[in-house]
Amino acid sequence: MKFGVVVFPGSNCDFDTFYVLKDVVGQPTTYLWHKDHDLKGVDCVVLPGGFSYGDYLRSGAIARFSPLMQEVGEFAEKGGLVLGICNGFQVLLELGLLPGAMLRNKNLKFLCQFVHIRVENEKTRFTHKGKKGQVLKMPIAHFDGNYYAAPEVLKEIETNKEVVFRYVDEKGRLNEAANVNGSLNCVAGLVNKRGNVMGMMPHPERASEALLGSADGLVIFNSMKEMHDR
Amino acid sequence: MKVRILVSFKDSVLDPQGQTVKNALHTLGYGFIKDVRQGKVFEIDLKDIPRAELEKAVPEFADKVLANPIIEKFSWQIIGE
């Protein structure tokens, strides 16, 4: 499985993501420069976290117009695997590859902390190594992670099981305190209808080695890797 | 020519920043304030182009770039020659 990590001006999780994919997950990985029009033959595009273009205007709003994003859009259209983490998720929303938008966190604070998320749909290319209801621990670091979608859109994504992760407490229960950023339906991660594009606010690349507090993020990267090996 | 574009949240979308500003104003004694919605202002300087072209272009780029139509709405006006 060949991974490509997109680098925008202001990306700051690109090196971490590259390191985890290459050295921890052990897959060939390359950087993809946002100004190029070349996906270098990768099987999966990862949009990393950070503050592309300084989060000016809205998070992800400028990055979506980067030259490379045209290729990423076409790649996704053809069924290519795309993962957006944090700012990468915001870019996917702005691009319209995933439904909805992000609002400022409900408490108006930048949240940088470990959270728990529950696997809601274990039948995706991103989560099949996990179990339904499994609780994963990983960090978040964002200002705008308060997921919003119009009521009819929310209904549709629930019906189609497009919600992949929800914020829960450590025992896997939904409650307002655990839904730290105020997301509608506690949405922490979403997949598109076709199942080849996923966005999530928590950082699996910061939770891929037990030494750093959690290796639960590997559920995602190993799922993506193994799907390709089959 | 100059245009001013106002971008704000749709009425159906909660605006936590506006709520916080409202609460602060209440604390300062302005209890008569019923609601606050916070938005963004863009003042854009343009070359002189025909009016019809302007009226087509401004809503187009406001919708495409300046506002996210899922959560935001915009209005605009010409503010100077």
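**Chatting through a predicted model**

Colleague: How do you know that the span of helix 1 of chain B agrees with its 12 residues?

Modeller: This is a predicted model, and helix 1 of chain B covers residues 16–27. At 1.5 Å a residue, counting one less than the number of residues, those 12 residues should span 16 Å. The end C-alpha atoms are 17 Å apart, so the two values agree.

Colleague: And what comes just after helix 1 of chain B?

Modeller: There you find Gly29(B), with a positive phi of about 100°.

Colleague: What makes Cys186(A) buried?

Modeller: The cut-off for buried is 20 or more other C-beta atoms within 10 Å. Cys186(A) has 22, so it counts as buried. You'll find Cys186(A) in the loop between strand 9 (163–168) and strand 10 (187–191) of chain A.

Colleague: What about the phi of Cys186(A)?

Modeller: It's positive, about 60°, although Cys186(A) is not a glycine. Most residues other than glycine have a negative phi.

Colleague: Why is Leu57(A) called partly exposed?

Modeller: Partly exposed sits between the 12 or fewer of exposed and the 20 or more of buried. Leu57(A) has 17 other C-beta atoms within 10 Å, so it falls in between. Its phi is positive too, near 70°, and Leu57(A) lies in the loop between strand 3 (44–47) and helix 2 (67–77) of chain A.

Colleague: How many residues of chain A and chain B are in contact?

Modeller: 10 residues of chain A touch seven residues of chain B. On the chain A side, that's five nonpolar, one polar and four charged residues.

Technical notes:
Residues numbered from 1 in each chain as written. Chains lettered and ligands numbered in written order. Predicted model: local features only at pLDDT ≥ 70, side-chain atom pairs only at ≥ 80, totals over all residues. Helix = DSSP H or I, 4+ residues; strand = E, 2+ residues; numbered from the N terminus. Contact = placed C-beta atoms within 7 Å. Nonpolar A, V, L, I, M, F, W, Y, C, P; charged D, E, K, R; others polar.
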